[in-house]
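User: I'm new to reading protein models, so please take me through this one feature by feature.

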Amino acid sequence: MIPLSKPYLTGNEIKYIEKVFENKHLSGNGAFSLKSGEKLKKIINSNKVFLTTSCTDALEMAAILIQIEPEDEVIVPSYTFSSTANAFALRGAKIIFADSLPNHPNLDVSKLTLLITKKTKAIIPVHYAGEPVDMDPLMALARKHNFYVIEDAAHAIGGSYKGKALGTIGHFGAFSFHDTKPIVAGEGGALSINDTSFIEKAEYVHEKGTDRTKFTRKETEKYDWVTKGSSFLPSETIAATLLAQLEAIEEIHLKRKAHFLHYLYELKDLPKAFILPSMEGNQSHFYIICPSEKIRDGLIRNLKNKEVMASFHYRCLHLSPFAQEHFNSTAHLPHAEKIEQRLLRLPFYINLTEEDITFICSIVRLYSIIDAQKML
Ligand SMILES: *Cc1c(COP(=O)(O)O)cnc(C)c1O
């Protein structure tokens with residue numbers, strides 16, 4: 001059976017974890033957290049990085065930092081994971097759902113002005129599969145209408161937009177190191193603070209609302225509760241795993257890129273009605289957009305019959321039970337709905353072999369030529 005994804009381990013993870021136990025410092029903010037945080041900061045050229053236990057946590061930390069309140073509106077793409085919206089809904093924000101580009105999962109920035117109001121507090125772009133959202137016009141809108149931009153860079157470590165790392169362009173950027181992402185740490189994540197005016201407060205929010213980090217640095221002799229916060233820091237075992245991964249990030253990206261190019265090569269002669277992903281960014285997964293839902297579902301079945309686990313991806317959030325109940329969402333977002341119905345993810349992980357990719361693509365090609373043609 002060929003699974004959809006599988007984490008890649010460098011071999012150093014277990015050695016570093018043993019060190020954690022030797023050090024007898026298992027909780028957060030120890031030597032490995034410091035090293036991983038610095039390493040990530042350097043890789044993405046960020047002003048300040050806080051490790052968290054997930055991207056979900058990183059987004060929630062950002063929501064606390066910008067003081068989301070019940071009257072606030074937060075615009076998120078409908079085509080994304082629940083966490084992108086949930087972090088802000090938790091603090092009472094009204095979630096406004098935005099449509100995707102006509103033939104791409106990313107947010108259509110050119111349509112945002114229709115959704116922006118005086119209550120808009122933040123917009124959360126998601127760089128789907130590591131392909132960048134058009135950040136320049138989005139940041140121009142943010143300056144004009146005075147809202148925050150929090151990049152959901154869960155897929156996007158190593159990707160860039162006009163020479164800047166994704167996750168460092170908005171006021172904040174949230175990363176994920178979940179098993180299904182290119183860099184893994186178990187449950188792990190990070191928040192990049194790009195607007196430096198938030199750095200001091202972020203230190204408190206990260207550590208249960210206290211100034212304990214100053215205490216850890218021996219800048220104070222005691223620590224106090226100074227603001228609202230939570231426990232966002234990961235344990236040292238997570239940070240140790242992350243360090244091993246970050247040290248191998250170039251090798252990881254190169255190997256993934258090679259698979260990505262192999263897929264593109266094998267599928268280059270698919271009928272024009274199939275849309276292939278672009279080569280921008282470091283791909284977190286390989287997907288194609290099929291000409292119809294029927295063809296996409298037929299492909300999933302055909303691949304499954306040959307023990308290949310291909311899959312759909314997100315269900316549009318504006319149609320979700322929660323959004324229907326709480327945000328009375330009557331939005332019709334035709335592009336996001338089309339992407340939900342037609343997007344197909346193919347197995348994508350480093351330990352796939354060349355033969356696996358050739359085999360998977362031969363099934364896709366055969367189906368697209370014989371069965372899909374009948375359905376077009
Ligand atoms: C995976 C994912 C998340 C959540 O990441 P966790 O680290 O599992 O919390 C958030 N947003 C997007 C777009 C994701 O794909």
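User: How many salt bridges does the count come to?

Analyst: A salt bridge is a side-chain nitrogen of Lys or Arg within 4 Å of a carboxyl oxygen of Asp or Glu. By this rule you get 13 salt bridges here. Bear in mind that this is a predicted model, where local features need pLDDT of at least 70, side-chain atom pairs count only at pLDDT 80 or more, and totals for chains, interfaces and linings use all residues. Residues are numbered from 1 along each chain as its sequence is written, and side-chain values use heavy atoms, with hydrogens and water left out.

User: Which residue forms a salt bridge with Asp 108?

Analyst: That's Lys 111, with the closest N and O atoms 3.6 Å apart. To describe the surroundings, we use relative accessible area: buried is under 20%, exposed is over 50%, and partly exposed is in between (1.4 Å probe, protein chains only). Asp 108 has 6%, so it is buried, while Lys 111 has 43% and is therefore partly exposed.

User: In which helices do Arg 365 and Glu 266 lie?

Analyst: Helices (H or I, at least four residues) and strands (E, at least two) are DSSP runs, numbered from the N terminus. Arg 365 and Glu 266 meet through their side chains in a salt bridge of 3.0 Å, N to O. Arg 365 lies in helix α13 and Glu 266 in helix α9, so the pair ties together parts that are 99 residues apart in sequence. Arg 365 is partly exposed at 26%, whereas Glu 266, at 14%, is buried.

User: Glu 340 and Arg 315 meet in a salt bridge too, so where are they?

Analyst: Their side chains come to 3.3 Å, N to O. Glu 340 is in helix α12 (residues 334–342), and Arg 315 sits 25 residues away in the loop between α10 (293–305) and α11 (321–326), so distant parts of the chain are linked. Glu 340 counts as buried at 15%, but Arg 315 is exposed at 60%. Elsewhere, salt bridges that share partners join Glu 203, Arg 217 and Glu 219 into one network.

User: What volume does the largest pocket have?

Analyst: About 490 Å³. Of its 25 lining residues, Phe 81, His 178, Thr 180, Lys 181 and Tyr 314 lie nearest the centre. The elements giving two or more residues to that lining are α3 (55–65), α4 (82–89) and β13 (343–346).

User: Which element gives the most to the lining of the second largest pocket?

Analyst: That's α2, with five residues. This pocket holds about 400 Å³ of space and is lined by 18 residues, with Asn 29, Ser 33, Leu 34, Lys 48 and Val 49 nearest its centre.

User: Last one, the backbone. What is phi of Lys 24 near?

Analyst: Phi of Lys 24 is near 60 degrees, a positive value in a residue other than glycine. Lys 24 lies in the loop between α1 (12–23) and α2, and it is exposed at 70%. Asn 146 also has a positive phi, about 60 degrees, although it is not a glycine. You'll find Asn 146 in the loop between α5 (135–145) and β7 (148–152), where it counts as exposed at 69%.

Definitions and conventions:
On a 1 Å grid over the protein atoms alone, a cavity is a set of points where a 1.4 Å probe fits but cannot get out, and a pocket is an open set with protein on both sides within 12 Å along at least five of seven lines; lining residues have an atom within 4 Å of a point. Grid points are joined across faces, edges and corners, and a volume is the space filled by probe spheres set on the points.
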